[in-house]
Amino acid sequence: MICPHFGICGGCRAYKNYDFNTYTTEIAEHILGGESSAPIVFASPKKGFRARADFRFCTYEGFYFATNAFGKNERTKITQCPILLEPIQILIKHIREILAPLSATHTLRCKLYGCSFLSTYKACVVTFIYHKCLDTTWQEEIHTLKERLTHIIQESYADFEIHIIGRSRGQKISFGSECIIDNFGIYLDRDSKDLLEQRGINLTQCTISKKESLFSQPNPLSFISRIKVSRLVAVSLQSSTARAISCT
């Protein structure tokens with residue numbers, strides 16, 4: 001794992017004592033009971049594959065995004081999270097840089113509890129969670145923050161859209177959309193794209209709607225694995241059919 005917080009941050013706690021091959025082999029043995037040949041396993045990239053994340057904040061010795069510490073009832077500072085899609089990583093970096101210099105009593109910082117991200121390579125919904133009433137002053141400041149973040153991220157991703165939601169007890173204020181559209185075609189490798197296009201599938205129409213606060217696949221790159229599995233099944237069926245024909 002390339003993350004400097006690995007083993008300290010509790011976000012990846014399920015994998016602390018495993019490498020990928022060991023972990024997947026043990027899962028396969030548990031499910032299959034050793035009665036089948038080894039499954040084909042598709043690994044995710046080592047970084048930049050997770051499209052959603054939830055953080056709290058740590059405000060001692062500065063201002064940082066935070067997660068629960070591994071095996072401890074305390075928060076640990078997070079300066080980066082390499083498994084996230086790059087747009088989320090950019091936003092984490094710049095949100096901290098913008099908010100950290102502000103006073104703890106500033107309307108954007110005061111009683112700020114957590115922050116969540118739901119992203120694609122085209123748009124991101126950023127949700128700020130507060131333990132206070134979100135008044136008109138907060139709304140004016142968050143609108144300015146939205147404009148700053150949009151300008152920053154569009155230097156790397158042209159036409160990228162940022163939608164911000166503020167949540168507090170009994171309140172939900174949206175600046176933009178609560179839903180974003182993801183096109184899984186952009187995650188596919190060349191072979192998978194060619195396979196689908198040969199079958200007349202228009203990849204521009206292969207979209208999924210993702211809504212803030214509702215579950216969606218956190219690893220959109222899993223679509224590549226699904227296509228590869230379909231290809232393997234198709235090849236296997238073709239081989240079986242060919243053998244059956246040759247035997248008749």
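Colleague: Let's start with T127. Which strand is T127 found in?

Modeller: Keep in mind that we're looking at a predicted model. The strand in question covers residues 123-130, and T127 falls in it. That makes the answer β5.

Colleague: Is T127 buried or exposed?

Modeller: Its relative accessible area is 2%. Buried means under 20%, so T127 counts as buried.

Colleague: What does T127 stand opposite in β6?

Modeller: Strand β6 takes in residues 161-168, and β5 pairs with β6 in the parallel sense over seven bridges. Across that pairing, T127 stands opposite I165.

Colleague: Zooming out, which strands stand at the edges of the sheet?

Modeller: The sheet is open, with seven strands in the order β3-β2-β1-β4-β5-β6-β7 and mixed pairing. Each edge strand has a single partner, so one side of each is left without a neighbour in the sheet. Those strands are β3 and β7.

Colleague: And which helix lies across β5, β6 and β7?

Modeller: Helix α2 lies across β1, β2, β4, β5 and β6, running at about 155 degrees to β4. The helix you want spans residues 136-153 and runs at about 150 degrees to β6. That one is α3.

Note on methods. Residues are numbered from 1 along each chain as its sequence is written. This is a predicted model: local features need pLDDT of at least 70, side-chain atom pairs count only at pLDDT 80 or more; totals for chains, interfaces and linings use all residues. Side-chain values use heavy atoms; hydrogens and water are left out. Helices (H or I, at least four residues) and strands (E, at least two) are DSSP runs, numbered from the N terminus. Buried means under 20% relative accessible area, exposed over 50%, partly exposed in between (1.4 Å probe, protein chains only). Two strands pair if DSSP finds at least two bridges between them. Contact means heavy atoms within 4.5 Å. Axes are lines fitted to C-alpha atoms, for helices over the stretch in contact, and angles run from 0 to 180 degrees between N-to-C directions.
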